[in-house]
Amino acid sequence: MCTMVKKIKLVLFGNSGAGKTCIVQRMRYNTFNYDVNLTIGAAYTIYTVADNIKIEIWDTAGQERFHSLLPLYARCAEIIVVVIDIDKNIDEQFLKWNKYIQDNETLFSPNVKLILIFNKHDLNNDFEIPKDIVNQTQFGLITLVSAKSGYNIDKLKLHLDITVKKYIDERARASHEYRNNFNNSNSNNSNNNNSNIENSSNDTIFGYTFSNMKVNAGLLECKEKIKKCII
């Protein structure tokens, strides 16, 4: 039996050199590459959660000259992962990308899930995520990782798996509710239309009703149309 593959779109945001590409590589292959080239535009890859569930990952470039291209890759994103480099100005990075998400919220999926990652734990084992950022409730997960050492990557993968499955369930329920509402609406409209036709005192045996707009045709006109059809 053929099983339909469900796909979720995930987009990575973050400054150039924050480690977005390295995180993806660590997640997919459990490896770290010291010689990663700068991403141009965006890199696309597939991450498999289960046989019938896959994440389409868009790893966007962090360089400012590619900033104008972000909407092309981020449109309809269902999961957004913001990557912060703990070796750089943390507040500046967080404010920049948090503002970008807020300013472009209509660009993403209505039920978009947000994840905030602080990368390069290997450079500072004593680093702690600022409390004012920890309290940001719009993010479903805020965690510290290291693409280089693999620190907390399993935790990130587990959260992604749970988030994706939850999102698919929500999407299925929304689709089911939409179909039910659509069918009920059509049923009600059909009943209303039938009622309008049956109760209209101006209807004649030669009348026609299109979307509640009535067109009366005379007997002679109908005969002429019938003759043309026969001929």
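What share of the contacts with a separation of 6 or more comes from residues 24 or more positions apart? I looked it up: 68%, with contact meaning heavy atoms within 4.5 Å.

A note to myself on the ground rules. This is a predicted model, where local features need pLDDT of at least 70 and side-chain atom pairs count only at pLDDT 80 or more, while totals for chains, interfaces and linings use all residues. Residues are numbered from 1 along each chain as its sequence is written, and side-chain values use heavy atoms, with hydrogens and water left out.

**Entry: the layout.** I found 6 helices and 8 strands; helices (H or I, at least four residues) and strands (E, at least two) are DSSP runs, numbered from the N terminus. Read from the N terminus, the order is β-α-β-β-α-β-α-β-α-β-α-β-β-α.

Entry: Of the 231 residues, 37% are buried, that is, under 20% relative accessible area with a 1.4 Å probe, counting protein chains only. The protein exposes about 14,400 Å², and carbon and sulfur atoms supply 51% of that (Shrake-Rupley method, 1.4 Å probe).

**Entry: the cores.** Next I checked the nonpolar cores, meaning sets of buried Ala, Val, Leu, Ile, Met, Phe, Trp, Tyr and Cys residues joined through side-chain atoms within 4.5 Å. The largest has 27 residues, and Leu10, Ile23, Ile79, Val81 and Ile115 have the most contacts inside it. Among the elements giving at least two residues each are strand 1 (6-14), helix 1 (20-29), strand 4 (79-85) and strand 5 (113-119). Helix 5 gives the most, 6 residues.

I then picked out Ile79. Setting aside neighbours within four places in sequence, its contacts include Ile8, Leu10, Val11, Ile115, Leu160 and Val164. There is also a second, separate core of 25 residues, with Leu70, Ile84, Phe94 and Phe127 in it.

Entry: A cavity here is a set of points on a 1 Å grid over the protein atoms alone where a 1.4 Å probe fits but cannot get out, and lining residues have an atom within 4 Å of a point. The lining includes Leu10, Ile23, Val81 and Leu160. Helix 1 provides the largest share of the lining, 3 residues. By type, I count 10 nonpolar residues, no polar and no charged.

Definitions and conventions:
Buried means under 20% relative accessible area, exposed over 50%, partly exposed in between (1.4 Å probe, protein chains only). On a 1 Å grid over the protein atoms alone, a cavity is a set of points where a 1.4 Å probe fits but cannot get out, and a pocket is an open set with protein on both sides within 12 Å along at least five of seven lines; lining residues have an atom within 4 Å of a point. Ala, Val, Leu, Ile, Met, Phe, Trp, Tyr, Cys and Pro count as nonpolar, Asp, Glu, Lys and Arg as charged, and the others, Gly among them, as polar.
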